[in-house]
Amino acid sequence: MIVVMRPEATKKEIEHVANVVKEMGLKPHVITGTDLSVVAVIGDDRKKDKGALEQAPGVDRVVPILAPYKMAARESKKERTTVKLGAGCVFGGKQVPVIAGPCSVENEKQIIDAAKKVKAAGAHALRGGAFKPRTSPYAFQGLGEEGLKLLAKARAETGLTVVTEVLTPSDVELVAEYADCLQIGTRNSQNYKLLEAAGKSGKAVLYKRGMSMTIDEFLQGSEYVLSQGNPNLILCERGIRTFEDHTRNTLSLSAIPELHYRSHLPVVIDPSQGTGHARLVPDMCRAAVAAGADGLIIEVHPDPEHAMTDGAQSITPETLKELIASLKRIAHAVDREV
Ligand code: PEP
Ligand code: MN
């Protein structure tokens, strides 16, 4: 960090700041300019409360220099991280895998039908919520363990790898028994105990950005998984809350190049929660691939009109098939493959 002193700061005040820095176990380096002085702080200050220094007399502001996330930062690792969810489904490499399936697992017929159809359409992994984080406690909460069993059955029948959400630390073990990848949803994006538990499980994690989370907070959250020794982390942008209401959320596609700039982790886009409307999903998928997305997670329902959750934003398997054909062309143009 750099401590910028006020122009009228006295020598004594500058010395005091330098001493506080030393007390923190760090090294101060005073630079005296023509108009003001700054105290450059040498050493890793990430465990220190930098803001507290603003309380010292004569200090104007404290400017952090080191990214607050370490393991997620691009500087910490030369190569981009690749996360493999089974054969033929690798995130972060040349491939742009498509995770597709219903918002919720509803019953055996629905999930098996959905799995077979998304596979035939060219998807690489199956999604489906067994534990659903619903805004209303009276809404369908998912089938729980029964849903996990049905997902495992769908995997056995199709060979598709399974991505499903876990809501609480105490369910991590159970969900990890059935799933290939644990999804941590937007509402749990700052549930640090859950992120740690998912990290400890060793399973791949698909971590969704909180709907009101900055990119910085998102990368700090990812640190909770990585610091448990689990490198298999996929970031997912699923739209953020803004004033705009023509979509359910505002899908921030610039998050893709920004996250790539700051981090080595793969970035997946969820255009379904991101828009809330099936009619907008295909174009956002195409834009995401053009913008460098490392994967897509798309809600697909064999019968969206009768879906128990998120019917409005679910596309049909037929639309998915056409979409994947067009994504292949876009991927080719940007040196990737779907
Ligand atoms: C979902 O994928 O169905 C879901 C609930 O996602 P999010 O956490 O992004 O709202
Ligand atoms: Mn959903």
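**A metal site and its neighbour**

Along the sequence, the donor residues of the manganese ion (ligand 2) follow the spacing C-x195-E-x10-D. The pair Cys103 and Asp310 joins distant parts of the chain, 207 residues apart. Cys103 sits in the loop between β7 (98-101) and α2 (108-121). Asp310 sits in the loop between β14 (295-299) and α10 (317-333). Helices (H or I, at least four residues) and strands (E, at least two) are DSSP runs, numbered from the N terminus.

This is a predicted model: local features need pLDDT of at least 70, side-chain atom pairs count only at pLDDT 80 or more, and totals for chains, interfaces and linings use all residues. Residues are numbered from 1 along each chain as its sequence is written, chains are lettered from A and ligands numbered from 1 in the order written, and side-chain values use heavy atoms, without hydrogens and water.

Which atoms hold the manganese ion as protein donors? They are Cys103 (SG), Glu299 (OE) and Asp310 (OD), 2.1 to 2.5 Å from the ion. Donors are N, O and S atoms within 2.8 Å of the metal (3.2 Å for Na, K and Ca); water is not among the atoms, so sites may look incomplete.

Now turn to ligand 1. Residues around it include Cys103, Arg127, Lys132 and Glu299; near means a heavy atom within 4 Å. An oxygen atom of ligand 1 lies 3.1 Å from a side-chain N or O atom of Glu299. Such a polar contact is a pair of N or O atoms within 3.5 Å.

Methods. A polar contact is a pair of N or O atoms within 3.5 Å; within protein, one must be able to donate a hydrogen and the other to accept it, and residues adjacent in sequence count only if both atoms are side-chain atoms.
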